[in-house]
Amino acid sequence: MMKQVICSTVFPLLCILLLFLSVEAQTCSPSGKIKGKTPPPGQCNQENDSDCCKDGKWYTTYKCSPPVSSQTKATLTLNSFERDGDGGAPSECDNQYHSDDDPVVALSTGWYNNGKRAKVVDECDSTMGCDSDHDYQPPCPNNIVDASKAVWKALGVPENDWGGMDIYWSDTD
């Protein structure tokens, strides 16, 4: 009660600034953990340097991603969307596999937003992993833009630098 009285009468501008900063500072907190298990022999495709789950290791999961802004920081990773590629099951949005020559991406669970973003074909699942649907790979971090080889090529990134890179992205109309 005392805090509210001070804010409303003594320091209204400071309180507004603190409120703004606390909203800006809100981040996506982990939603849980899953316990890894060793994949069956030959069941974790490491085509693009993908990690395989480790037996007994705990992996953090997320149901959210950081807020999207005009310059959202993310990690661009390399993924195959083809059948028998390291992407696992067919794409979430259309239940299809896609050629690595097609410029397609998957976004972390929170950014995927149940398929509501245009031209995104898949979800890089931040809530589950270490099973056959996820190619026995750990859950994605909450800030991933998982891109096909065609995207890396279109961005002009030299092939020997493909795999992981810090990027900034935003929604477009």
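Which residues does V145 touch, not counting residues up to four places away in sequence? In this predicted model, V145 touches A74, T75, L76 and T77, then V105, A106 and L107, and also W111, I167 and W169.

V145 belongs to the largest nonpolar core, which has 16 residues. Together with L107 and W152, V145 is among those with the most contacts inside this core. At least two core residues come from each of β3 (72–78), β4 (105–108), α3 (109–112), β6 (144–147), α4 (149–154) and β7 (164–169). The most come from β3, which gives three residues. Apart from this core there is a second, separate one of seven residues, including V104, C124, C140 and I144.

The structure also holds disulfides; a search of the whole structure finds four. A disulfide is a covalent bond between the sulfur atoms of two cysteines.

One of them joins C28 to C64, with an S to S distance of 1.9 Å. This pair links distant parts of the chain, 36 residues apart: C28 lies in the loop between α2 (12–25) and β1 (32–35), and C64 in the loop between β2 (58–61) and β3. The torsion about their S-S bond is about 90 degrees, so the disulfide is right-handed. C28 counts as buried because its relative accessibility is 12%, whereas C64, at 26%, counts as partly exposed.

Another disulfide is formed by C44 and C52, whose sulfur atoms are 2.0 Å apart. Here the torsion is about -105 degrees, so the link is left-handed. C44 is buried, with a relative accessible area of 15%, and C52 counts as buried at 15% relative accessibility.

C53 is joined to C130 (S to S 1.9 Å). With -90 degrees about the S-S bond, this link is left-handed. C53 sits in the loop between β1 and β2, and C130 in the loop between β5 (120–124) and β6, 77 residues apart. Both C53 and C130 are buried.

Terms used
Residues are numbered from 1 along each chain as its sequence is written. This is a predicted model: local features need pLDDT of at least 70, side-chain atom pairs count only at pLDDT 80 or more; totals for chains, interfaces and linings use all residues. Side-chain values use heavy atoms; hydrogens and water are left out. A nonpolar core is a set of buried Ala, Val, Leu, Ile, Met, Phe, Trp, Tyr and Cys residues joined through side-chain atoms within 4.5 Å. Buried means under 20% relative accessible area, exposed over 50%, partly exposed in between (1.4 Å probe, protein chains only). Helices (H or I, at least four residues) and strands (E, at least two) are DSSP runs, numbered from the N terminus. Contact means heavy atoms within 4.5 Å. A disulfide is a pair of cysteine sulfur atoms within 2.5 Å.
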